[in-house]
Amino acid sequence: MRRRKFLAGAAAVGGVPALAQSNRKAGAAVRNSDLPSKFAPSAYATTKTGYSPFTIPDYYTFASDLTIERNVSGKPHAGKILAAVQAHSDDIPLFCSGTVAKLIDEGYQGYLIRVSNDEAAGVTLGHGVAQNEIDNQNAAKQLGCRKAFSFYYRNHRMDDGAIIELRARLIFLFRALRINTIFSMDPYNHYDENPVHIVVGKAVAGACWMSGGRDYPEHFKAGLQPARIREKYYYARSPQGHNLVNRIVDISSYIDTKTRVNVANQGKGPAGNAGIRLREYLRAQGKKLPLLGDDDETARFQYVKHFLMEDFRLLGQQFGLGYAEGFRYIGPEPQYEDRIRRASLERAVAI
């Protein structure tokens with residue numbers, strides 16, 4: 001299929017002119033397709049800024065029962081516990097930290113679980129391991145998580161091991177922490193080229209199902225209980241693919257938190273000190289971008305918010321929101337036995 005190309009104007013930020021210009025409104029796709037008009041598209045091109053390859057997929061397939069999840073006042077999720085599982089230290093920050101922060105603010109207890117050691121993301125392997133360990137802890141603090149865990153599997157080599165071991169370790173944690181909601185890479189997304197993302201997504205999906213059963217009976221002898229994962233928020237990282245989305249989450253109130261979580265990733269990802277580097281580059285050209293300010297903290301924050309978060313603004317714009325994240329959401333399974341009993345009572349006759 002020929003890739004659809006489109007132009008989008010970036011919003012003016014920090015009092016400076018728009019960073020990109022277009023004769024079309026932001027969010028409007030330019031049709032460039034040989035698809036006959038009698039056919040309805042099954043996947044939709046999304047407007048992207050081109051500022052980051054690590055934000056939203058090129059194409060979305062939107063489900064007919066798509067739901068927009070909005071802010072809820074108070075603490076409606078008090079007593080619930082979520083685990084945000086990531087292969088690398090920048091996965092949760094980039095793809096779903098706004099929603100994780102939202103749910104924690106609404107009452108969830110949160111835990112961050114990193115599976116790899118991130119060794120491939122540093123000046124040397126040792127630097128990558130050390131720096132991303134620090135980053136993972138700092139991202140967890142910015143999110144409001146109670147604790148961060150790391151499994152330290154070798155980065156980009158995870159598919160040469162036994163996935164059953166990874167799955168077993170996740171099952172143990174899900175039970176020990178009493179997890180009932182999961183964030184993870186979409187195990188059904190076939191367009192992700194990163195092998196670690198694929199392994200982690202499949203391991204998490206299997207662990208969600210098995211943690212509610214009777215596997216590993218020694219857990220119960222040690223006092224653990226089955227963990228029934230009732231909700232799953234699956235996110236995608238497929239820059240040249242597409243993924244199914246049935247839930248859009250309004251993260252407008254949490255965009256600053258999402259920005260700070262990404263700034264915490266100093267060792268990898270498109271955030272970290274990129275704002276400082278851009279300011280220095282402009283200075284070498286005899287120029288400055290006012291939104292980057294004059295200090296390092298401002299440069300880091302503003303760079304992330306006004307460049308890397310722009311794709312999430314454009315996604316939200318499609319739904320009338322300030323900023324949004326998209327998920328394949330799987331909710332609680334229907335209580336079919338209760339429904340059968342209620343239906344039977346309504347139809348039953350006296351003996």
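Which are the buried residues of helix 10? They are Glu310, Asp311, Phe312, Arg313, Leu314, Leu315 and Gly316, where buried means under 20% relative accessible area, exposed over 50% and partly exposed in between, with a 1.4 Å probe and protein chains only. The model is predicted, so local features need pLDDT of at least 70 and side-chain atom pairs count only at pLDDT 80 or more, while totals for chains, interfaces and linings use all residues. Residues are numbered from 1 along each chain as its sequence is written, and side-chain values use heavy atoms, with hydrogens and water left out.

Helix 10 spans residues 310-317, and because seven of its eight residues are buried, the helix is largely enclosed by the rest of the structure. Helices (H or I, at least four residues) and strands (E, at least two) are DSSP runs numbered from the N terminus. The cover over the buried residues of helix 10 includes strand 2 (59-69), strand 9 (324-330), helix 1 (91-95), helix 7 (255-263) and helix 9 (296-308).

Within helix 7 lies Thr259, which is buried at a relative accessible area of 0%. Its side chain reaches the backbone oxygen of Ile255 at 2.8 Å. Neighbours within four places in sequence aside, Thr259 is in contact (heavy atoms within 4.5 Å) with Phe301, Val304, Lys305 and Met309.

Zero disulfides are present in the structure, a disulfide being a pair of cysteine sulfur atoms within 2.5 Å. Cys96 is buried, with a relative accessible area of 0%. Cys208 is also buried, with a value of 5%.

Methods:
A polar contact is a pair of N or O atoms within 3.5 Å; within protein, one must be able to donate a hydrogen and the other to accept it, and residues adjacent in sequence count only if both atoms are side-chain atoms.
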